[in-house]
Amino acid sequence: MRLTGYRRPNGRVGVRNHVVVLPVDDLSNKVAEGVAALIPGVVALTHPYGRLQFGEDLELTFRTLAGHGANPNVYGAVVIGIEPKWAERVASEIALTGKPVEAFAIEGQGDLRTIERASRVAYRLLQEASEQEREPVEIRELVLSIKCGESDPTLGLAGNPALGKVVDYLVGEGATVIFGETSELTGAEHLIAARCATPEVREAFLTTYRSYVQMIESKGVDLLGSQPTEGNIRGGLTTIEEKALGNIQKTGTSPIQKVLRPAEAVGPGEGLVFMDSSSAAAEMITLAVAGGSVLHFFTTGQGNVVGHPLVPVVKISPNPKTCEAMKEHIDVPLPDLLWGEISLDVAARRILEVFEQTVRGRLTAAELLGHREFVLTRLYPSA
Amino acid sequence: MSKAMAHRRLDHVAVAVFDLEAGEEVDVVFSEGGDPLRLRIQEDIPLGHKVALKDIQEGEVVVEYGEAIGRATAFIPAGGYVHVHNLKSLRWDFGGRR
């Protein structure tokens with residue numbers, strides 16, 4: 001496989017070359033959008049949160065924002081905050097990667113002056129980014145992630161086992177692959193626990209899973225009204241156990257080496273790792289990208305359209321109706337696998353061919369269609 | 001060409017890989033290999049939805065992927081349609097108490 005990418009000052013490898021404008025709070029979105037309007041080509045990661053958060057919920061927001069600036073698909077970052085302190089904190093964490101980053105505060109300056117000052121930096125970073133050249137890179141230098149969405153039984157039967165073969169191959173070549181979706185392991189958690197590499201990892205996994213179930217039950221509710229979703233049920237999935245057993249097919253057969261907190265950073269060479277995360281597509285992908293994922297594999301049955309502003313999302317579907325009706329969203333159609341006309345190995349090779357092209361710069365369906373979902377996970381309400 | 005596929009030989013359900021019509025006979029193939037199973041379809045079953053491979057009794061734990069996926073809430077004949085109307089999760093299963 002001949003892969004190319006961008007090697008960053010800390011040695012990490014990206015497959016895209018973005019300059020980001022990161023508002024640390026809702027009030028700074030306007031300035032971030034102003035910079036992106038003046039300097040087309042930079043990516044503004046706007047979001048509705050960041051004020052009066054506290055404790056682990058605030059730490060998760062910081063980790064997610066700083067993780068996006070630090071992601072190897074990013075050349076450099078401009079951080080905007082209403083106040084200087086939090087903007088500087090996020091910027092200083094990004095600066096640990098050795099990348100260019102500058103922070104601006106709006107208080108005492110106003111939107112217009114801040115937009116001008118930040119735009120001058122964005123202008124310089126975007127030009128510098130354009131001078132970067134792709135170089136040969138190896139699979140073992142990459143952090144990748146996987147998730148399925150709008151699932152149906154065609155995934156458990158065909159799409160996910162094919163992706164599982166791909167994951168086994170990439171892990172064997174030394175990549176890190178992140179999977180998550182804590183709620184969607186319900187009914188298959190014993191199989192994941194059995195694959196943990198050590199008793200310590202198993203204990204960490206089971207503690208994470210059980211505390212999630214306890215959180216649900218502490219609200220006096222269960223997940224049965226939302227897992228499986230209406231779309232899952234329309235597609236033929238009946239119970240959360242069936243959904244989970246289909247879901248885990250895409251993790252392949254490698255041992256699980258680590259349990260990560262949401263948005264926790266992970267480097268290459270770690271193998272298959274579990275990240276505690278929501279099963280909602282955009283939230284999970286956002287957390288994985290904050291952790292360092294530079295490319296995401298996404299299997300879909302009924303046709304989830306999710307993308308991400310910084311990371312190519314490769315869509316795989318074995319559902320013939322979806323591949324026909326929503327073909328502009330699907331990078332790797334696999335109805336012939338569902339029909340038994342090709343083997344899992346052939347399907348895995350097809351996914352890997354698209355992976356190679358995508359790493360080298362070919363745009364995915366979600367990139368072409370401008371799907372840029374960036375969604376912060378909240379743990380509890382603001383103060 | 002097979003129109004339904006199951007994971008394990010001992011599974012109770014298969015998945016339709018084409019839209020199936022009541023009365024048609026299909027050969028169910030198994031991902032883990034072995035001979036196909038001839039089955040008469042009892043109800044229309046859309047692509048991606050499940051068909052029973054054997055008679056399933058009310059209250060029986062239903063198996064797919066070699067694992068429990070829920071409990072039958074009604075008798076389901078071989079070739080019948082298995083979905084939310086006759087299969088419920090075992091999680092948060094309070095025996096009908098709520």
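**Exercise 1. Work out why the size of chain B agrees with that of a compact globule.**

Start with the rule: the radius of gyration is taken over C-alpha atoms, and the globule rule is 2.2 Å times the number of residues to the power 0.38. For 98 residues, a compact globule would come out near 13 Å, and chain B has 13 Å, so the two agree. Next, look at the extents: the C-alpha trace of chain B spans about 45 × 25 × 20 Å along its principal axes.

A quick note before you go on. This is a predicted model, where local features need pLDDT of at least 70 and side-chain atom pairs count only at pLDDT 80 or more, while totals for chains, interfaces and linings use all residues. Residues are numbered from 1 along each chain as its sequence is written, and chains are lettered from A and ligands numbered from 1 in the order in which they are written.

**Exercise 2. Describe the strands of chain B and find the edges of its six-stranded open sheet.**

Strands pair if DSSP finds at least two bridges between them. Third, pick out the edges: S4 (37–40) and S8 (81–82) of chain B each pair on one side only. Finally, zoom in on one pairing: S5(B), residues 50–52, runs antiparallel to S8(B) and is joined to S8(B) by two bridges. Lys50(B) has Val82(B) as its bridge partner there.

**Exercise 3. Explain why helix H9 of chain A counts as largely enclosed.**

Begin with the cut-offs: a residue is buried if 20 or more other C-beta atoms lie within 10 Å of its own, exposed if 12 or fewer, and partly exposed in between, with C-beta atoms placed from the backbone. Now apply them: eight of the eight residues of H9(A), 240–247, are buried, so the rest of the structure largely encloses this helix. Among them are Glu241(A), Lys243(A) and Leu245(A). Then ask what does the covering: it includes S8, H5 and H8 of chain A, together with S6 and S7 of chain B.

**Exercise 4. List the contacts of Val79(A) beyond its neighbours within four places in sequence.**

Two residues are in contact if their C-beta atoms, placed from the backbone, lie within 7 Å. With those neighbours left aside, Val79(A) touches Leu22(A), Val24(A), Gly69(A), Ala87(A), Val90(A), Ala91(A), Val101(A) and Ala103(A).

Terms used:
Helices (H or I, at least four residues) and strands (E, at least two) are DSSP runs, numbered from the N terminus.
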